[in-house]
Amino acid sequence: MLDDFMVRAALAGLGVALAAAPLGCFVIWRRMAYFSDATSHAAILGVALALSLELPITGGVLMMAMAMALGLTVLAGRGVSSDSLLGVFAHAALALGLVAVSLVPGLRVDLMGYLVGDILAVSKGGLALIWGGAAVVTALMVWRWSALLSATLSPDLAQASGVNPRREQLVLTLALAVTVAVAIKVVGALLIAALLIIPAAAARPLTRTPEAMAVVAMLIGGASALGGLLVSFAMDTPTGPTIVSLAAVVFCATQVMPRRA
């Protein structure tokens, strides 16, 4: 069955949606949208690092995404506004990554595959990597769910109850870096943040509890991945952008639906 590229692509999309949905909820609750954008843009710099050092692409992306996320966490609140800091890091990382890739001698690489994804080219090994990363992220979210919620709702109360908010921020940082690393082949560096944020934002008006929001976000993300894959195949459009576009349509639909009392 896994010899069929469409089956592999569908499973890859579902794996990324499973990892991104609960993490995306925390990105929204903590207003970290630009933070996730900066981390995902660092993926291109990670690609250049991996190619120049002859390392696995996923390893290079994971290292750079983690370095970017940790750097932003350390520098936040040191006299520079968060918006300015994130804006500089997000655009600088993408620009430096593109320049670095062009400077690698003798390299011929399809940058579009890393910018907007190439889900149809996911191999069996890539599929195992995606689902392995999704399992790690899901395990982290389940393990730290209560602590993450406490640190998100009120860092001071969380501290008083024995929860270290900085440690929970580190958990989110790790999960974000892993998600970026496994998602780059599915939707690309430019669209990873969108896949994190849009399903969670679409689920928000439909639910009343954090747990329900995470589950509905998973369903929306999975449906967007499968639906976008089918639409892309039928209309011969880029698969990653089509998946994100479909998720955006669902988001718009949820915004005009009557709110639950």
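Phenylalanine 233, at 58% relative accessibility, counts as exposed, where exposed denotes over 50% relative accessible area, buried under 20% and partly exposed the range in between (1.4 Å probe, protein chains only). The structure is a predicted model, in which local features need pLDDT of at least 70 and side-chain atom pairs count only at pLDDT 80 or more, whereas totals for chains, interfaces and linings use all residues. Residues are numbered from 1 along each chain as its sequence is written, and side-chain values use heavy atoms, with hydrogens and water left out.

Phenylalanine 233 is part of helix α10, residues 210-235; helices (H or I, at least four residues) are DSSP runs, numbered from the N terminus. Together with Phe5 and Leu120, Phe233 makes a nonpolar surface patch of about 290 Å². Such patches consist of residues with over 30% relative accessible area and no salt bridge, nonpolar side chains (Val, Leu, Ile, Met, Phe, Trp, Tyr) being joined within 5 Å, and the accessible areas come from the Shrake-Rupley method with a 1.4 Å probe.

When residues up to four places away in sequence are not counted, methionine 141 touches Pro22, Leu23, Phe26, Leu148, Leu172 and Ala175, a contact being heavy atoms within 4.5 Å.

A search of the whole structure finds three aromatic pairs, for which rings of Phe, Tyr and Trp (its six-membered ring) must have their centres within 6.5 Å, with planes under 30 degrees apart counted as stacked, over 60 as edge-to-face and the rest as tilted. One of these is the edge-to-face pair of phenylalanine 26 and tryptophan 29, with 5.0 Å centre to centre and 85° between the planes. Because these two residues, phenylalanine 26 and tryptophan 29, are three residues apart in helix α1 (residues 5-29), about one helical turn separates them. The rings of phenylalanine 26 and tryptophan 145 have centres 5.1 Å apart and planes at 75°, so that this pair is also edge-to-face. The latter pair links distant parts of the chain, since phenylalanine 26 belongs to helix α1 and tryptophan 145 to helix α6 (residues 124-153), 119 residues apart. Both phenylalanine 26 and tryptophan 145 are buried, the relative accessibility of phenylalanine 26 being 0%. Phe26, Trp29 and Trp145 form one aromatic cluster.

Two salt bridges are present in the structure, a salt bridge being a side-chain nitrogen of Lys or Arg within 4 Å of a carboxyl oxygen of Asp or Glu. Glutamate 168 and arginine 144 meet through their side chains at 2.6 Å, N to O, and this pair joins distant parts of the chain, with glutamate 168 in helix α8 (residues 165-187) and arginine 144 in helix α6, 24 residues apart. Glutamate 168 counts as buried at 0% relative accessibility, and arginine 144 counts as buried at 14%. A salt bridge also connects the side chains of glutamate 168 and arginine 167 (3.2 Å, N to O), and arginine 167, at 40% relative accessibility, counts as partly exposed.

With residues up to four places away in sequence excluded, threonine 173 touches Phe35, Met66, Ala69, Leu70 and Thr73.

Key: Patches are made of residues with over 30% relative accessible area and no salt bridge: like charges are joined within 9 Å, nonpolar side chains (Val, Leu, Ile, Met, Phe, Trp, Tyr) within 5 Å.
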